[in-house]
Amino acid sequence: MKRMALAVLCAACGGSGNGDADAPDFNGPIVDAYEFHDAPGPNDSPLIAGCPILPGNHVFNMPVDGLPVHPNSAAFITTISSTTKLHLDLGQTVDPQANDFYGIPFNIVHGNSFTWPSVVFASADPDLNWDPKPESDCGSSARAVVSPCTGGTAYLPIPSVPIVEGGTISAANQQPYGDHHIVLLDVDTCRLWETYHSYKPASGTWNIYGSAQFDLHSNALRPVDWSSADAAGFPILPLLLRADEASTGTIKHALRFTIASNHIRPTYVWPARHITTNGMDIAAQPPMGQLFRLKASFVIPANYSTQSKAILQAMKTYGMYIADGGSNWYVTGAPSADWDDSVFSQVQSVPGSAFEAVDISAITSRPGFDANSGHVP
């Protein structure tokens, strides 16, 4: 599915518990193998409301600080900008109707306890002129997963008053532009549902332009060349910064960030599944899904806040992936009143030159690697 993405700030919804399991220690740089001490099992993963946020052996939950530097790292950083600083695409306001409601919020729902509303794949935006259904997932009236969502009425576990990125906008009072994601964690099934370009017109039926589901117990990636609510085909929730998690002092998963769409090479690298087509096919441009990390030589100041230290250490240990087109070095989080003021001055002081691109082939060349799975063999 063709995608046009805009950078949008978001806010986090409350009520999300977190029970991260201990992550393994990486066994240092390995020339011919990618190995861990006490490699985590599928159940050793971050938790939200009792659900695993992908298995512990999914690459998003694995340390990457021992992987080699990508040979085109310097060129990638120059393309994105070495002088531009990080921007936290999140906010402290939790009122969805406020002008400063920034970040991508998520909703925790009990999908077995209510009737799922029907949705239609439609938009008044003339730029959205392709059919998103062949790359979308939805539910049936009996809550069964339908993939692809190409026939019959589509249903999704959207509650009566969901929290939507950018606030709930009616097509009746505003031309619908922007990503306007709805992120739904169904804790009855530990299944993640995410929608793109989500609006509710006067008719009362949600209009969306793309939807994807992820079984959070599974390492399965999206089908080849399928997008998700992200252009890269990634799930959004597992890569979000969350205040409750950062406040513990430890974030044990990778993050997502955006760069300008015309800086992304029109190809993708594992674990991404989908491309954008605005960039040039040249070695200096990173592909969709390229992994970056904060250099080991970057010293996290001792006087930084707990949240700032946790964010920067996660960027060192787990890295962050190009997930969509937007603004350069925008790192996405969920809005929350619990974000410290300090993270905006401290984390946002870090320039692009402090990062390096990671050579993921140390994983993809291992025996047992499956390109259709996020599992690290």
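Visitor: Which residue forms a salt bridge with E356?
Guide: E356 pairs with R293, and their closest N and O atoms are 2.8 Å apart. The model is a predicted one.

Visitor: Where do the two partners sit in the chain?
Guide: E356 belongs to strand β19 (residues 355-357) and R293 to strand β16 (residues 291-294). The pair links distant parts of the chain, 63 residues apart.

Visitor: Are they buried or exposed?
Guide: Both E356 and R293 are buried.

Visitor: How many salt bridges are there by this rule?
Guide: The count comes to five salt bridges. One of them joins R256 and D230, with the closest N and O atoms 2.4 Å apart.

Visitor: Why do R256 and D230 count as buried?
Guide: Buried means under 20% relative accessible area. R256 counts as buried because its relative accessibility is 3%, and D230 counts as buried because its value is 0%.

Visitor: Which residues are linked in a network of salt bridges?
Guide: The network links R242, D244 and E245. Within it, E245 forms a salt bridge with R242, the closest N and O atoms being 3.4 Å apart. E245 has 0% relative accessibility and therefore counts as buried. R242, at 4%, counts as buried as well.

Visitor: What else does the side chain of E245 join in a polar contact?
Guide: The side chain of E245 is joined to that of H253 by a polar contact of 2.6 Å.

Visitor: Where is H253, then?
Guide: H253 is found in the loop between α2 and β13. With a relative accessibility of 2%, H253 counts as buried. The side chain of H253 also reaches the backbone oxygen of P238, at 3.1 Å.

Visitor: What is H253 in contact with, leaving aside neighbours within four places in sequence?
Guide: On that basis, the contacts of H253 are P46, F60, N61, P238, L239, L240, R242, E245, A314 and Y318.

Visitor: Why is α3 described as largely enclosed?
Guide: Nine of its 12 residues are buried, so α3 is largely enclosed by the rest of the structure. The buried residues of α3 are Q307, S308, A310, I311, L312, A314, M315, K316 and T317.

Visitor: What comes just after the helix?
Guide: Just after α3, G319 adopts a positive phi of about 75°.

Visitor: Turning to the largest nonpolar core, which residues touch the most other members?
Guide: M315 and F355 do, in a core of 81 residues. Helix α3 (residues 306-317) supplies the largest share of this core, five residues.

Visitor: What is M315 in contact with, neighbours within four places left aside?
Guide: M315 is in contact with L86, L255, R293, L294, M320, V331 and F355. Apart from this core lies another, of 15 residues, among them W116, V119, C138 and V164.

Visitor: What does the side chain of R265 reach?
Guide: The side chain of R265 reaches the backbone oxygen of I282 at 3.2 Å. Leaving aside neighbours within four places in sequence, R265 has contacts including F76, T276, M280 and M288. The C-alpha atoms of R265 and M288 are separated by 6.8 Å, although these residues are 23 residues apart along the chain.

Visitor: And for the chain as a whole, how many helices and strands are there?
Guide: The chain has five helices and 19 strands. Of its 377 residues, 56% are buried. Among contacts between residues at least 6 apart in sequence, 73% join residues at least 24 apart.

Visitor: What does the accessible surface come to?
Guide: The accessible surface of the chain comes to about 13,900 Å², and 50% of this belongs to carbon and sulfur atoms.

Terms used. Residues are numbered from 1 along each chain as its sequence is written. This is a predicted model: local features need pLDDT of at least 70, side-chain atom pairs count only at pLDDT 80 or more; totals for chains, interfaces and linings use all residues. Side-chain values use heavy atoms; hydrogens and water are left out. A salt bridge is a side-chain nitrogen of Lys or Arg within 4 Å of a carboxyl oxygen of Asp or Glu. Buried means under 20% relative accessible area, exposed over 50%, partly exposed in between (1.4 Å probe, protein chains only). Helices (H or I, at least four residues) and strands (E, at least two) are DSSP runs, numbered from the N terminus. A nonpolar core is a set of buried Ala, Val, Leu, Ile, Met, Phe, Trp, Tyr and Cys residues joined through side-chain atoms within 4.5 Å. Contact means heavy atoms within 4.5 Å. A polar contact is a pair of N or O atoms within 3.5 Å; within protein, one must be able to donate a hydrogen and the other to accept it, and residues adjacent in sequence count only if both atoms are side-chain atoms. Accessible areas come from the Shrake-Rupley method with a 1.4 Å probe; for residues, only the protein chains shown count as cover.
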